[in-house]
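These are my notebook entries on a structure that I examined element by element. I began with overall dimensions and then turned to individual strands, a helix and the ligand site.

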Amino acid sequence: MSLPDPVEPSRTAVPHLVVRSHPVEGVSAQLMDHLPADGALAWVRRGDGLVGWGVAARLEVAGSNRFADAQAWWKTLTAAAVVRDDVGAPGSGLVCFGSFGFTDADPGELVVPEIIVGRRGGTTWVTTVSPASSLAAPPDLVVHEPEPVGEIAFADGARSGTAWSAIVADAVKRITGGEVDKVVLARDLVAQAARPIDLRWPLRRLAAAYPNCWTFSVDGLIGATPELLVRREKGLITSRVLAGTIRRTGDDAHDLALAASLARSSKDLEEHEFAVRSVADALKPHCKSMNVPETPFVLHLPNVMHLASDVAGVAANGASALGLAAALHPSAAVCGTPTDVARDLINEIEGMSRGRYAGPVGWLDASGDGEWGIALRCGQADPRDPARMRLFAGCGIVAGSDPEAELAESNAKLVPMRDALGD
Ligand SMILES: C=C(O[C@H]1C=CC=C(C(=O)O)[C@@H]1O)C(=O)O
């Protein structure tokens, strides 16, 4: 596949931006409620986070230097900006949102909104970003009502469930044959509505139904991910690693028994160990000290339960949150082990383009702090048909995987987006 010409950030003119963050009182609506219909940007968890709209600056990136190009552009842009930050919270001041493709060939972007509304621990603020030539006035924080999606139909994407199970069976054979230790295989569904989908409708529902996840929206990619690839905040680096899944039944007592069986399942523990190792190995050069839990805990979500490990470290160098995300991507939670072999196998047998599914999505500030999740439990709006979205889900495959069980697991992982698009 031929890659788009790489951008040359040093030669790309960046705008000189004027940025002002100030606290606002008496704002009680959810952050998402303030989003206008177009260009919604969001990163929200348990009511805190950032939403934004408008485009003050934007960079599209693809190719093998995409993370470095994005980083260089951001450095130049932040160096040229004049910032007055009266809030001083993580996420105040100049911030960009971003999302990156799973592969180098899938385009991604960084976008600096014109307006950002942030909230953290009871403090709400507004950031305005504008070119020095035309200073922006602070916006009125209006509450908008999104349009319900209405009638919607779901159909197989690149492959039927049965065809996908056959690919999983093939992968299991190749794992037992010694070709690869673990590979993550994904499938897609196509959601077709009768009218253009107002992305704020599913976004609000995801944020309400999955408060422990990070609900995100960047350039038509929306979802609620339970997996934090990396957070860098004031010298502390953290990552929530997930791998190993069991579906919930809705019966609490039964689910508790299932959680206990997940915590003992050698197949899931093996799958999890690959993911934790890949994250710990990638973060090691960037940390002075690290805490890698020996045993995962069980993360309970409304649809599934995951084996989860929170890895933490003290930053050893100036690598930004985006630089760390670049070092971590693709982790074994979305690609496999060994990475290169798993990536080639995905390319060979998965039979679809992932686009920005399973890529890093998040935000970055001028100091290099920020949060990047893995774009999971998500859908991509079709830029050519606003009534259409592609939904994605994938499963880690190891020697002990059962293709039928993996298909059921992938269906459970599609539930958040399917429900969010429903009435
Ligand atoms: C690839 C996905 O999930 C990953 C994250 C958590 C658990 C996973 C698993 O148990 O297979 C996957 O590695 C997805 O949701 O599309």
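The entries below record what I looked up.

**Entry 1: overall form.** I note at the outset that the model is predicted. I counted the secondary structure and found 8 helices and 23 strands. I then compared the radius of gyration with the globule rule: a compact globule of 423 residues would have a value near 22 Å, and the protein has 21 Å, which agrees. Along the principal axes, the C-alpha atoms fill a box of roughly 65 × 50 × 45 Å. I find that 51% of the 423 residues count as buried. Among contacts with a separation of 6 or more, 77% come from residues 24 or more positions apart.

**Entry 2: strand S1.** I looked up the partners of S1, residues 17-24. S1 runs antiparallel to strand S9 (residues 123-131), joined by 8 bridges. Within this pairing, I located proline 23 with tryptophan 125 as its bridge partner. S1 is also joined to strand S5 (residues 82-85), here in the parallel sense and by 4 bridges. In that pairing valine 18 stands opposite valine 82.

**Entry 3: helix H1.** I checked the length of H1, residues 66-80. At 1.5 Å a residue its 15 residues should span 21 Å, and I find the end C-alpha atoms 21 Å apart, so the two agree. The buried residues of H1 include Phe67, Ala70, Trp73, Trp74 and Leu77. I recall that an α-helix has 3.6 residues a turn, so residues three or four places apart point the same way. I then asked which elements the buried residues of H1 pack against. They are strands S4 (57-61), S6 (95-99), S7 (108-112) and S20 (360-365), together with helix H6 (321-328).

**Entry 4: the ligand shell.** I listed 17 residues around the ligand, of which Leu242, Thr245, Leu376, Gly394 and Gly396 come nearest. Strands S11 (182-193), S15 (236-247) and S23 (385-397) each give two or more residues to the shell. By class, I count 9 nonpolar, 5 polar and 3 charged residues in the shell.

**Entry 5: strand S11.** I returned to S11, which is mostly covered, with 9 of its 12 residues buried. S11 runs antiparallel to S23, joined by 10 bridges. In this pairing the bridge partner of valine 184 is glycine 396, and Gly396 is among the residues that come nearest to the ligand. Strand S10 (residues 152-156) is joined to S11 by 5 antiparallel bridges, with alanine 155 opposite valine 190. S11 also pairs with strand S19 (residues 336-337) in the antiparallel sense over 2 bridges, where lysine 182 has threonine 337 as its bridge partner.

Methods. Residues are numbered from 1 along each chain as its sequence is written. This is a predicted model: local features need pLDDT of at least 70, side-chain atom pairs count only at pLDDT 80 or more; totals for chains, interfaces and linings use all residues. Two strands pair if DSSP finds at least two bridges between them. The expected span of a helix is 1.5 Å times one less than its number of residues. A residue is buried if 20 or more other C-beta atoms lie within 10 Å of its own, exposed if 12 or fewer, and partly exposed in between; C-beta atoms are placed from the backbone. Two residues are in contact if their C-beta atoms, placed from the backbone, lie within 7 Å. A residue is near a molecule or strand if its C-beta atom, placed from the backbone, lies within 6 Å of it. Ala, Val, Leu, Ile, Met, Phe, Trp, Tyr, Cys and Pro count as nonpolar, Asp, Glu, Lys and Arg as charged, and the others, Gly among them, as polar. The radius of gyration is taken over C-alpha atoms; the globule rule is 2.2 Å times the number of residues to the power 0.38.
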